[in-house]
Amino acid sequence: SPHVISDPAFPNRVAPLLRRHGLAAGQLALEITEDALLRNLPTAATVARRLRELGVVMSLDDFGAGYTSLAHLRQIPLDTIKIDRGFAGDVDVNPDTEKFLRALLALGRDLELRVVVEGVERQTQVDVLRRIGGTLAQGYLFGRPVPPSDVELDRVDGR
């Protein structure tokens, strides 16, 4: 929920869950949206810092679709930004989109963030992303959403 990033008690609820389920640092990733950050930026920054201290991977979803400024990126400890699908939809046919996406990828690299491009549906988009330095993408080309009951997990512990 977007509300949890503004809840100062949320990290206190996450810590015991990580221990109870035996999750190591980096095995839990939380995605937050730009609009969730803007509801209460100072509290969101504090909560995100505490979650990161627990080892939780923090990702900003739909980057570029909302009103996050670059100043916000400096205040929130992030591991990943996920570029909104609107910036990839025509990257394979529009040179202006390609230039813009190339700049976003460079920004992410320079800030030492993983950058995931959302909304990839065609191989031609992947080809352009590879050419301009994109290494992570998600979208219908790779798979459609499925209910949790349909997800098969390979577990090391056999459970």
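How many positive and how many negative side chains does the protein chain have, and how far apart do the centres of the two sets lie? Okay, so that's 20 positive and 22 negative, with the two centres 5 Å apart. Lys and Arg count as positive here, Asp and Glu as negative, with His and the chain ends not counted; each charge is placed at NZ of Lys, CZ of Arg, CG of Asp or CD of Glu.

Quick housekeeping. This is a predicted model, where local features need pLDDT of at least 70 and side-chain atom pairs count only at pLDDT 80 or more, while totals for chains, interfaces and linings use all residues. Residues are numbered from 1 along each chain as its sequence is written, and side-chain values use heavy atoms, leaving out hydrogens and water.

On to the fold. We've got 6 helices and 5 strands, taken as DSSP runs numbered from the N terminus (H or I, at least four residues, for helices; E, at least two, for strands). In sequence order they run α-β-α-α-β-α-β-α-β-α-β. The C-alpha trace spans about 50 × 40 × 25 Å along its principal axes.

Now the inside. Of the 159 residues, 37% are buried, meaning under 20% relative accessible area, with exposed being over 50% and partly exposed in between, using a 1.4 Å probe and protein chains only. The largest nonpolar core has 35 residues; by that I mean buried Ala, Val, Leu, Ile, Met, Phe, Trp, Tyr and Cys joined through side-chain atoms within 4.5 Å. The largest share of this core, 6 residues, comes from α3. I76, L78 and I81 have the most contacts inside the core. Take I81: beyond its neighbours within four places in sequence, it touches L60, F63, L73, G108, L113, R114, V115 and V116, where contact means heavy atoms within 4.5 Å.

Next, aromatics. There's 1 aromatic pair, F87 with F100, and it's stacked, at 5.2 Å centre to centre and 15 degrees between the planes. The rule is ring centres of Phe, Tyr or Trp (its six-membered ring) within 6.5 Å; planes under 30 degrees apart are stacked, over 60 edge-to-face, and the rest tilted. F87 sits in the loop between β3 and α5, and F100 in helix α5, 13 residues apart. F100 counts as partly exposed because its relative accessibility is 44%.

Last stop, Y140, in the segment after β5 (136-137). Why is Y140 called partly exposed? Because its relative accessibility is 42%. Setting aside neighbours within four places, Y140 contacts V120, E121 and P145.
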